[in-house]
Amino acid sequence: MREYEDLEEAGLLKRFPCKIGDVAFRLIYCWGSGWDIIEDEVKGFTFKFDKIYLIYSDGINFREIGYDEDKVKFTREEAEKRLEELNH
């Protein structure tokens with residue numbers, strides 16, 4: 001366990017915010033109607049410039065969305081609470 005902690009402290013190991021197959025609730029801003037919640041299943045992860053990206057699929061294409069813990073929640077309750085904060 002200490003070895004993993006050392007790797008993480010050195011920036012060589014990243015912790016993912018969820019597991020593949022988990023549902024993510026993304027908060028998005030819709031012009032004209034305000035903030036809304038989009039529910040997606042996490043299909044994978046990738047890194048770019050030291051940032052984690054979650055991979056989603058719309059059934060046809062795969063999309064990478066930058067992980068922002070302020071705008072991506074992993075329970076509907078957390079997402080609805082944040083949505084209420086953003087819309088007020």
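Quick housekeeping. What you see is a predicted model, where local features need pLDDT of at least 70 and side-chain atom pairs count only at pLDDT 80 or more, while totals for chains, interfaces and linings use all residues. Residues are numbered from 1 along each chain as its sequence is written, and side-chain values use heavy atoms, with hydrogens and water left out.

Okay, the overall layout. The protein chain has two helices and six strands, and along the sequence the pattern reads α-β-β-β-β-β-β-α. Those elements are DSSP runs numbered from the N terminus: H or I over at least four residues for helices, E over at least two for strands. The C-alpha atoms fill a box of roughly 50 × 35 × 25 Å along the principal axes. Of the 88 residues, 24% count as buried; buried is under 20% relative accessible area, exposed is over 50%, and partly exposed is in between, with a 1.4 Å probe and protein chains only.

On charge, we've got 14 positive and 21 negative side chains, and the centres of the two sets lie 2 Å apart. That counts Lys and Arg as positive and Asp and Glu as negative, leaving out His and the chain ends, with each charge placed at NZ of Lys, CZ of Arg, CG of Asp or CD of Glu.

Now the strands. Strand 1, residues 23-30, pairs with strand 2, residues 34-41, in the antiparallel sense over eight bridges. By pairing I mean that DSSP finds at least two bridges between the two strands. Valine 23 stands opposite glutamate 41 in strand 2. The two strands form a hairpin with three residues between them, and in the turn glycine 32 has a positive phi of about 95°. Strand 1 is also joined to strand 6, residues 72-73, by two bridges, again antiparallel.

Back to phenylalanine 25, then. In strand 6, the residue opposite phenylalanine 25 is lysine 73. Phenylalanine 25 counts as buried because its relative accessibility is 8%. Leaving out residues up to four places away in sequence, phenylalanine 25 touches Ile37, Ile38, Glu39, Lys71, Val72, Lys73, Phe74, Thr75, Arg76 and Ala79, where contact means heavy atoms within 4.5 Å.

Three strands make an open sheet in the order 3-4-5, with antiparallel pairing. Its edge strands are strand 3 (44-48) and strand 5 (62-66), each pairing on one side only. Neighbouring strands here are turned by 35° against each other on average, direction ignored; the axes are lines fitted to C-alpha atoms, and angles run from 0 to 180 degrees between N-to-C directions. Strand 4, residues 51-57, is joined to strand 5 by five bridges, and isoleucine 55 has glutamate 64 as its bridge partner in strand 5.

Also in strand 5 is isoleucine 65. Buried or partly exposed? Isoleucine 65 counts as partly exposed, because its relative accessibility is 23%. Setting aside neighbours within four places in sequence, isoleucine 65 is in contact with Arg26, Ile52, Tyr53, Leu54 and Tyr56.
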